[in-house]
Amino acid sequence: MSAVPQTPAELPVKSPECFFINGKWEKPSSNGKLDVISPVTEQVVMQFAEASPADVDKAVAAARAAFDTGPWPRMSAQERGQALLKVAELLKARLPDLASTWTTQVGAPISLTTYLSGQPPELFEYYGTLIQSYPLIDERRTDHGELVRVVKEPVGVCAAITPWNAPLVLLCYKVSAALAAGCTIVAKPAPETPADAYILAECIEAAGLPPGVFNVIPAGRETGDYLIRHPGVDKISFTGSTAAGKHIAAAAAERLARTSFELGGKSAAIILEDADVSKVLPSLVPFSMPITGQVCFSLTRVLVPQSRKQELTDAYVGAISGMKVGDPMDPATQMGPLAMQRQLTRVQGYIAKGKDEGAKLALGGGRPKGFDRGWFVEPTVFMDVQQSMTIAREEIFGPVVSFISYKDEDDAVQKANDTIYGLHGAVYTQDPEHGYQIARRVRSGSVTVNGLIVDPKMPFGGFKQSGTGREGGIEGLEPYFELKTIYFA
Ligand code: NAD
C-alpha cells in the first residue's frame, strides 16, 4: 500500500470564492480564506472564502427578509413539500459528488460515504413528504364552547451550525426539517469542510427555492459566535462539541433564542454474559470506530463480563487488526486517516494518557507502518480500563476503544451511565427482551439491542450533556415550530 495515496485535486463546487446569500453567489466582504486540506496528502485541495461579521449581517438580513416578507413561510405546506422533493432529486443526481467530497475533506472511506450519502436526499424526501400531510392546525373548544385553533408556525430564521465529520448529513437533518416547517436558514458549515454546503446550495438554487431561504457562509468559531449572538436569528440549531454547545447555550440564553443541541458522546456497548461473540463483532467492529472513530455515537466503551474479559477482548482485537487501513478513496479501505492534524495531536494525547494512567494497550497506539504522511493513526484498543481513567471519561473522537469489565448487570448499567454523556448505546444478548430491559435502564437518547442502528426517520439525540432536543423523525420537525393559540370569542 502506498504511503501517500492519491485523492482528487478538486472538489465539485462551482463558486468557492463566493457565499450563497439571497439566492445569489455573492463576493465576500473581506479577504479571509479557508483551506480545505487533504488528510491523506496534507496538501491544500481547494480554498474557500471565509465569512466575516459583515457577511453574517448580509446573510441574516436575507434570511430575515425571506422569512418576514418572502413567500416561503406563507406557501402551503404542499408547495413547500414539493420544493423539498425537487431538492431531493437534485441531490440524488449528485450522489457520487457527495461521497467523493466527504471522503476528500474528511478521509472517511469511500465505501462508507457512498453508502451514507443517500441520507441527505432521503431526509429531504422524508420531510418533503411528511409536511404535506402534517397536522399544523388543531381545532379545539374551551369549556365555554368557544372555538380555539392551536396552530404551528415556523420559528423563524435559523442558524444551522455543523461540524466537519459528517458535514452534509448533519446539515441536512437541520435544513430539511427547518425548511419543511417554513423557516429560513443561515448555514455556517465547519471551516475545514465547507464544500458539501455549497453542493446543497447549488441544488437548492436549481430547485428554485425563493431567494434568502437558504444561505451559506462558512467560517470559524469567531464569526460563528457573531452569528449566534445576532438579534436577527430566532433559533440556533447546533451540532458539535459539548464545550461549544455550552458556550452557545449561554449566549442564546441572553435573548432566549430557541436552541437545539446535538453534542458529544461516550457510548457504551454492554456485552451480556450470554452474548454470542460471532453475533457481536459484525456491528461492534465497524461501529466502535466509524470514520476513524470520529462519529458522535461510536461505541467507544465496551463493557464485558469479568468472566469473559480475555475471550471477548481477543476476539475484538483479532477482528480490528484485520481492518484495512489506507487510502480512503480505495473501495477496499475500512479506515482512513483522521480528518485533520489537530485531531491526530488530540488522539495521540489520549493514547499517551491511557498508557500513563495504567490502561493496558491491547492493540495499536502508534502510526501504521508505511504511513509517515497523512494523519493516520492505528486502531487502538485498551483493556483493563477503569472508570476513573481519562480515556474512559472523555470523548476522544478517534479510533481508541476502552474495554471495561463488570461484575454483574447492575454494575454494567451503573458503569454505562457513569458519564456526563448519553447519546447512544448497545446491548448484546441472545435474549432481545432482556436486552430491551437493560436498554430501558441506560440513560441515553437511543440504544440498539444487538447492533447499531441510526435511522434518520427516527428521533436521535442526547440525554445529559449529549444535547437537548431530537433530530430525525417527527420529533426532528417539531423544534422548528412555535405554537400559537387563536381564540374565537
Ligand atoms: P466544535 O464544537 O469545535 O465545532 C462544531 C461547529 O461549531 C463548527 O462549525 C465550529 O466552527 C462551530 N463553533 C464552535 N464554537 C462556536 C461558537 N462559539 N459559536 C458558533 N459556532 C461555533 O466541534 P467539532 O470538533 O467540529 O466536531 C466534533 C464534535 O461534534 C464532537 O464532540 C462530536 O461528538 C460532536 N458531534 C455530535 C453529533 C450529534 O449528533 N450529537 C454529530 C456529530 C458530531
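Predicted model: local features only at pLDDT ≥ 70, side-chain atom pairs only at ≥ 80, totals over all residues.
**View A. Helix 3 packs against helix 7.**
Here we look at helix 3, residues 95-106, beside helix 7, residues 195-206. Their axes come within 9 Å and cross at roughly 160°. Angles over 145 degrees count as roughly antiparallel, and helix 3 and helix 7 are therefore roughly antiparallel to each other. The crossing of helix 3 past helix 7 is right-handed. To find the contact, look on helix 3 for Asp97, Leu98, Thr101, Trp102 and Gln105, which meet Ala195, Asp196 and Ile199 on helix 7. Sorted by class, the residues in this contact are four nonpolar, two polar and two charged.

**View B. Helix 2 packs against helix 6.**
This pair is made up of helix 2, residues 77-92, and helix 6, residues 167-181. The two axes cross at roughly 160° and come within 9 Å. With the antiparallel class starting over 145 degrees, helix 2 and helix 6 are therefore roughly antiparallel. Helix 2 and helix 6 make a right-handed crossing. From helix 2, Arg80, Leu84 and Leu91 take part, and they meet Leu168, Ser176, Leu179, Ala180 and Ala181 of helix 6. The class count for this contact is six nonpolar residues, one polar and one charged.

**View C. Helix 15 packs against helix 16.**
Now turn to helix 15, residues 409-417, and helix 16, residues 432-441. Their axes lie 10 Å apart, and the packing angle is about 40°. Helix 15 and helix 16 are therefore oblique to each other. Helix 15 crosses helix 16 in the right-handed sense. On the helix 15 side you will find Glu409, Asp410, Val413 and Asn417, and on the helix 16 side His434, Ile438 and Arg441. These contact residues divide into two nonpolar, two polar and three charged.

**View D. Residues around the ligand.**
The ligand has 28 residues around it, and those that come nearest are Thr162, Arg221, Ser241, Leu263 and Glu395. In Glu395, an N or O atom of the side chain is 2.5 Å from an oxygen atom of the ligand. Arg221 places a polar side-chain atom 2.7 Å from a ligand oxygen atom.

Conventions. Residues numbered from 1 in each chain as written. Heavy atoms only, no water. Axes fitted to C-alpha atoms, helices over the stretch in contact; angles between N-to-C directions. Helix = DSSP H or I, 4+ residues; strand = E, 2+ residues; numbered from the N terminus. Parallel < 35°, antiparallel > 145°, perpendicular 65-115°, else oblique. Left-handed = near helix turned anticlockwise from the far one by under 90°. Contact = heavy atoms within 4.5 Å. Nonpolar A, V, L, I, M, F, W, Y, C, P; charged D, E, K, R; others polar. Near = heavy atom within 4 Å. Polar contact = N/O pair within 3.5 Å; in protein donor to acceptor, adjacent residues only side chain to side chain.
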